[in-house]
Amino acid sequence: MSAVLATEVPGKAQVASPIAAVLLGTGVVGGAFLKLLNTQAAASIRLVGAANSRRQQIRAEHLADRALREKLKNLGDPRNDAELLHALDANDAPVKVIIDATACGTLASRHAEWLARGYHVVTANKSLAGGDLPGWRALQAALAQGGRYGDSATVGAGLPVISTLRRLRGCGDALLTLEGVFSGSLSYLFNQYDGSQPFSALLRRARELGYTEPDPRCDLSGEDVARKLLILARCAGFALRPDEVEVESLVPESLRGVDVETFLARLEELDEPLAARHAEAKARGGSLRFLARLNQRGRARVGLVEVPADHPATRLYGTDNQFALSTTRYNTQPLVIQGPGAGPEVTAQALLGDVLALG
Ligand SMILES: NC(=O)c1ccc[n+]([C@@H]2O[C@H](COP(=O)([O-])OP(=O)(O)OC[C@H]3O[C@@H](n4cnc5c(N)ncnc54)[C@H](OP(=O)(O)O)[C@@H]3O)[C@@H](O)[C@H]2O)c1
């Protein structure tokens with residue numbers, strides 16, 4: 001069952017309803033979203049509350065402050081979800097939305113409850129839609145009662161892949177295979193990795209450029225890619241459990257339990273196994289890519305794959321993501337969606353688009 005989506009009437013001018021919004025998370029993505037709120041495109045949105053993990057603000061004069069994000073670090077009230085919801089209730093806007101720009105599992109576990117209480121939810125947080133099956137089912141049950149769930153930002157930083165899958169499915173098309181590169185950092189690493197420098201050197205550079213998480217194991221473990229694959233598989237009609245996605249981690253067993261500093265000091269331990277795999281692939285005229293794959297029987301796998309020189313994933317640049325969908329109607333050539341799949345501005349724009357679609 002897919003989320004209820006806003007409808008548009010082509011050729012008819014849309015009058016946006018005012019939208020009252022609470023923003024959870026003022027980090028990289030939340031901060032970019034606050035900047036977008038100051039643009040004309042967001043004129044219909046009234047921010048009535050904003051929070052980071054420790055503090056929150058509901059007073060209009062502080063919410064209007066362009067330095068809100070910085071000020072929340074030191075000023076503001078202690079965190080209290082009930083007060084944020086009360087601020088939404090107190091506003092007379094006909095549309096009320098909670099925007100989750102965190103990675104917090106506890107907040108995500110409340111999405112279904114918020115929907116059931118009549119709020120809409122727009123999220124970059126993958127923890128619910130890409131988490132345990134009972135949580136995802138609770139979300140579907142809440143959506144069946146009404147409310148909308150804007151999840152464009154959860155996969156591909158807003159590249160139109162979730163919407164495309166839902167649209168094709170709504171037209172009676174069925175997914176045959178899905179394959180692609182779903183991680184900006186892993187895309188960058190394997191687009192660059194040609195054996196001329198150690199993988200660890202490339203990883204250090206990617207981290208310096210801000211392409212990886214501060215702890216690169218979050219990217220290298222494949223878990224984030226697996227969550228995105230779960231979200232897409234479920235959109236395509238495969239209600240998979242997380243343990244049904246086979247995940248190949250690039251983090252050696254010996255480096256999984258150590259602290260971040262130790263991991264960063266021992267990055268060279270990644271080099272030899274990857275160099276050997278790269279050399280084998282190169283000898284056969286191929287290269288390595290970190291791919292997510294789903295087939296029509298619902299078999300899902302995430303991991304390193306040797307691809308031939310003419311594979312679509314060899315034509316990626318920078319931190320591009322790629323989603324190749326073969327369906328019963330796109331069956332000669334896949335429908336390919338490709339482009340920047342990470343970054344605060346595009347992710348925040350995906351959130352904004354989902355919020356505006358509610359008005
Ligand atoms: N960065 C990207 O390019 C990108 C792309 C697509 C999707 N996403 C997703 O977007 C989400 C946010 O990513 P990010 O890069 O912005 O992360 P981030 O910079 O680490 O920011 C996370 C924010 O969430 C806040 N937070 C954590 N728990 C909270 C709670 N219980 N209540 C309120 N706020 C809470 C943090 O508060 P503190 O400031 O107090 O720590 C911080 O402000 C993640 O789910 C990520 O996977 C990110």
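So, E213: the UniProt entry, which is unreviewed, puts a "binding site" feature on E213. Those UniProt positions are in the numbering used here, the feature names are shortened, and annotations may be inferred rather than shown by experiment. Quick housekeeping: this is a predicted model, where local features need pLDDT of at least 70, side-chain atom pairs count only at pLDDT 80 or more, and totals for chains, interfaces and linings use all residues. Residues are numbered from 1 along each chain as its sequence is written, and side-chain values use heavy atoms, with hydrogens and water left out.

Okay, where does E213 sit? You'll find E213 in the loop between helix 10 (199-208) and helix 11 (217-220). Helices here are DSSP runs of H or I with at least four residues, strands are runs of E with at least two, and both are numbered from the N terminus. E213 has a relative accessible area of 41%, so we call it partly exposed. The cut-offs are buried under 20%, exposed over 50%, and partly exposed in between, with a 1.4 Å probe and protein chains only. Skipping neighbours within four places in sequence, E213 is in contact with R207, C218 and D219, where contact means heavy atoms within 4.5 Å.

G27, at 32%, is partly exposed. Leaving out neighbours within four places in sequence, G25 is in contact with G30, A51, A101 and T102.

Moving into helix 1 itself, G30, G31, A32, F33, L34 and L37 are buried there. What covers those buried residues? The cover includes strand 1, strand 2 (45-51), helix 3 (68-74), strand 5 (95-100) and helix 15 (344-356). As a reminder on spacing, an α-helix has 3.6 residues a turn, so residues three or four places apart point the same way.

Now zoom out. The domain assignment gives domain 1 (19-159 + 345-356) and domain 2 (162-340); the bounds come from an automatic or database assignment. The C-alpha centres of the two lie 28 Å apart. Across the join, 14 residues of domain 1 are in contact with 19 residues of domain 2. Together the domains bury about 1500 Å², 67% of it on carbon and sulfur atoms. On the domain 1 side, K126, V155 and L159 lose the most area to domain 2, together 40% of what that side buries. Buried area here is the accessible area, with a 1.4 Å probe, that two parts lose on being put together, summed over both.

Most residues other than glycine have a negative phi. A157 lies in the loop between strand 7 (149-150) and helix 8 (162-170), and with a relative accessible area of 9% A157 is buried.

Two polar contacts to finish. H311 is in the loop between strand 11 (300-308) and strand 12 (320-327), and is buried at 12%. Its side chain makes a polar contact with the side chain of E179 at 2.6 Å. By polar contact I mean a pair of N or O atoms within 3.5 Å; within protein, one must be able to donate a hydrogen and the other to accept it, and residues adjacent in sequence count only if both atoms are side-chain atoms.

The other involves E244, in the loop between helix 12 (223-235) and strand 9 (245-247). E244 is partly exposed at 34%. A polar atom of the E244 side chain lies 2.6 Å from the backbone nitrogen of R241. Beyond four places in sequence, E244 touches A239 and A300.
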